[in-house]
Amino acid sequence: MKVAVLVKQTPDTAELPKVSAEDVRSGKVKATMVINPWDEFAAEEAILLGDRYDVDSVAISMGSPDAVDALKHALAMGVGAAALVDSSDISGGDMWTTSSALAAAVKAEGAELVITGKQSVDDNSGAVYAGVAAKLGWPLVSAVTKVVDISNGQITVERMVEGAQETISVSLPAVISVGKEINEPRYPSFMGIRKAGKANIPVTPAANLGVASGSGKTQWTNIRKPEERKTKCVIIDGATVEEKAAKLVDALMAEKVI
């Protein structure tokens, strides 16, 4: 069985970006890029599943060639392999485009289980993994806090629901998203970092996976400013608190607020 971990390279939220005068003139701010912190929990869970079951793992990311650094972090943690979907030639894409490319990459890897973080620290949409599940046609379980068992073609997990926990089983192949409650991600070892640094990560252009420029479904048209809302401030005077309250109630009733 193979597990695919979806990772993304995002700005380091623990470090303030260094802004120079040239950055201001160009309108670009340089930031240190790291693996999305939420994806570390997904990578750790894939590694733990490898210890518990006969599971191979592969980290998959979509982005520019620089995104290999996030994949190397996953490799240094202990994920077995990595693959990059190069999005350099794609324009006009959206989250559906990303989902399509990642789903195609998962199929190419022959994975039967996809693990993702709950969201990314830049977009914060928490929607890409849902798109991946939709494109694959696989069951989706979100907010997973524990993988209970994988057997008989099923995965059993515990997940958070509002005010409670529930245990649910779904047939494999499947997609699950995990939060920080599921584990404690390990720090990459020195030997892991050295091994990851030497790794040759295969790169596949998104076009080779059937994803083309302008394939996004989100289109912004007729963008305009909202109508200006004119407001005014009214100060309510009165000799006593009771008098002020009565005047306030009368004013709210006159405006049909209450």
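**Ground rules.** I am reading a predicted model, where local features need pLDDT of at least 70, side-chain atom pairs count only at pLDDT 80 or more, and totals for chains, interfaces and linings use all residues. Residues are numbered from 1 along each chain as its sequence is written, and side-chain values use heavy atoms, with hydrogens and water left out.

**Asp69.** Asp69 counts as partly exposed because its relative accessibility is 48%. Buried means under 20% relative accessible area, exposed over 50%, and partly exposed in between (1.4 Å probe, protein chains only). I also took a distance. From Asp69 to Val128 I get 21 Å, C-alpha to C-alpha, across 59 residues of sequence.

**Cores.** Next I looked up the nonpolar cores. Such a core is a set of buried Ala, Val, Leu, Ile, Met, Phe, Trp, Tyr and Cys residues joined through side-chain atoms within 4.5 Å. The largest one holds 40 residues, and Leu113, Ile115, Val147, Ile155, Ile176 and Val178 have the most contacts inside it. Among the elements that give two or more residues to this core are helix H2 (37-52), strand E7 (140-151) and strand E8 (154-161). A second, separate core has 21 residues, including Ala4, Val85, Val106 and Ala133.

I then picked Val147. Leaving out residues up to four places away in sequence, Val147 touches Glu45, Leu49, Arg52, Ile155, Thr156, Val157, Ile176 and Ile182. Contact here means heavy atoms within 4.5 Å.

**Pockets.** The search runs on a 1 Å grid over the protein atoms alone. A pocket is an open set of points where a 1.4 Å probe fits, with protein on both sides within 12 Å along at least five of seven lines; lining residues have an atom within 4 Å of a point. Grid points are joined across faces, edges and corners, and a volume is the space filled by probe spheres set on the points.

The largest pocket has a volume of about 590 Å³. It has 29 lining residues, and Lys8, Met62, Thr98, Asp123 and Val128 are the closest to its centre. I sorted the lining into ten nonpolar, 13 polar and six charged residues. Ala, Val, Leu, Ile, Met, Phe, Trp, Tyr, Cys and Pro count as nonpolar, Asp, Glu, Lys and Arg as charged, and the others, Gly among them, as polar.

The second largest pocket holds about 210 Å³. Helix H6 gives the most to its lining, with three residues.

**Salt bridges.** How many salt bridges are there? I find six. The rule asks for a side-chain nitrogen of Lys or Arg within 4 Å of a carboxyl oxygen of Asp or Glu.

- Glu109 pairs with Lys2, with the closest N and O atoms 3.3 Å apart. Glu109 is in helix H4 and Lys2 in strand E1, 107 residues apart.
- Lys8 meets Asp122 at 3.2 Å, N to O. Lys8 lies in the loop between E1 and strand E2 (9-11) and Asp122 in the loop between E6 and H5, so the pair ties together parts 114 residues apart in sequence. Asp123 joins Lys8 and Asp122 in a network of salt bridges.
- Lys247 meets Glu243 at 3.5 Å, N to O. About one helical turn separates Lys247 and Glu243, because they are four residues apart in helix H7.
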